[in-house]
Amino acid sequence: MTDFVDLLEDQLLAAHAGRPRGVWSRMPSRRGAGALVAAAAAAAAIVVVVLLLASPGGRGDARSVGAPARSSTGAAPAPSAAPPATVPPAVPPVAVPVPAVPAVPPSARPVPTTPTTPRATPVPPAATVPGRATTPTSPGAAPPPTATALPRPPAAAPTPRATPVPTTAPSPPARTTP
Amino acid sequence: MEHDGEIRDEAALLGAAADDPAAFARFYRHHVHGVIAFFHRRTGDAEAAADLTAETFAAALEGCHRYAPDRGAPAAWLYGIAHRQLAALQRHGHVERRARRRMGMVRIELTDAMLDRVEAIADAERVDVDVALDALPAGQRHAVRARVLDECSYEEIAAAQRISPLAARQRVSRGLAALRAHLRNAP
């Protein structure tokens, strides 16, 4: 009579004889190997993403993507003038609001509006000068001031906000001096 | 102390089983009856118990080269595999066959004679344990039954027997040691 226990032992010993030996027997199980492969793939993907972000081409793309978004909001007339020139100035304004934030708390709300209004108000003064305002090129003339004024904001913008918010007049002279 | 030495010997046996068929055969012979009884007690079915036993030892053969003594006693390692097979049966409704397939083992077609033998092995193991349990003092017997069969916590055992949890732990430990000694000396 064949016993289940003996039959199973025979099967196990036959399987034992047919097992891979040496290095293969020390390899991890399928599940472990799958986990290793998945971890390696994830690490490779992270490296590729980091390299893409670190490469100059990647940054250029990132800026070119950011610039149009900004120009679409504020600098609509600029693109015709000089797209490459407007792109670099577009970057500093990003930094400008950051220093402005600490100054904001005293007057919480005006901050977002002031960066635009001081520049918007100067335009009317330029329009008050407007013997030239009659010339249709005034929109074209307006962008260059903004282009030159953009580098200033780090230094110039805080002062007009601190004191001159009530008075809009001082801002035009500040622009004429440079 | 003697028990620790036995575990060390068995760990060495299992460690050698990866490369030595005779070592694996000894390990198999030492545990196969207990594993059959374990499955029969939980499934109540001789065919399922035999199937689960075959899959458990196939998985053990497949993974014995990964066994390390710091992962526990060989018996605990083997019964860990057995528990997983049982859980897979309860989850899927059928006995896993993956380990056997990977090891190139075919399913054993069980005859009535084989099933009778499986029943006999399970009964013999149960009788042995029952006899050994009956030989224990009542407190230890109830504590071991509650802890091992009913999976009660030591706090529950202590509350049932109106003793401290520490005393309950001692009763279970001493009862298991006496059982082990009885089964080791059994013919």
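Modeller: We start with a term. A salt bridge is a side-chain nitrogen of Lys or Arg within 4 Å of a carboxyl oxygen of Asp or Glu. This is a predicted model, in which local features need pLDDT of at least 70, side-chain atom pairs count only at pLDDT 80 or more, and totals for chains, interfaces and linings use all residues. Residues are numbered from 1 along each chain as its sequence is written, chains are lettered from A and ligands numbered from 1 in the order in which they are written, and side-chain values use heavy atoms, with hydrogens and water left out.

Colleague: Why is the pair Glu47(B) and Arg107(B) called a salt bridge?

Modeller: The closest N and O atoms of Glu47(B) and Arg107(B) are 3.2 Å apart. The limit is 4 Å, so the pair qualifies.

Colleague: What makes this pair a tie between parts of chain B?

Modeller: Glu47(B) lies in helix H3, while Arg107(B) sits in the loop between helix H5 (98-102) and H6 of chain B. The two parts are 60 residues apart in sequence, so the pair ties them together. A helix here is a DSSP run of H or I with at least four residues; a strand is a run of E with at least two; both are numbered from the N terminus.

Colleague: Are Glu47(B) and Arg107(B) buried, exposed or partly exposed?

Modeller: Buried means under 20% relative accessible area, exposed means over 50%, and partly exposed is in between (1.4 Å probe, protein chains only). Glu47(B) has 37%, so it counts as partly exposed. Arg107(B) has 21%, so it is partly exposed too.

Colleague: Why is Glu9(A) called buried?

Modeller: Glu9(A) has 13% relative accessibility, so it falls under the 20% limit. Asp6(A), at 32%, is partly exposed. Arg29(B), at 41%, is partly exposed as well.

Colleague: How much area is buried between chain A and chain B?

Modeller: About 2400 Å², with 64% from carbon and sulfur atoms. Buried area is the accessible area (1.4 Å probe) that two parts lose on being put together, summed over both. Phe4(A), Leu12(A) and Arg19(A) supply 28% of what chain A buries against chain B, more than any other three residues.

Colleague: What makes the span of helix H6 of chain B close to the expected one?

Modeller: Helix H6 (residues 112-134) has 23 residues and reaches 32 Å from its first C-alpha to its last.

Colleague: How confident is the predictor in chain B?

Modeller: pLDDT is the predictor's confidence in each residue, from 0 to 100. Chain B has a mean of 87, and 95% of its residues reach 70 or more.

Technical notes
The expected span of a helix is 1.5 Å times one less than its number of residues.
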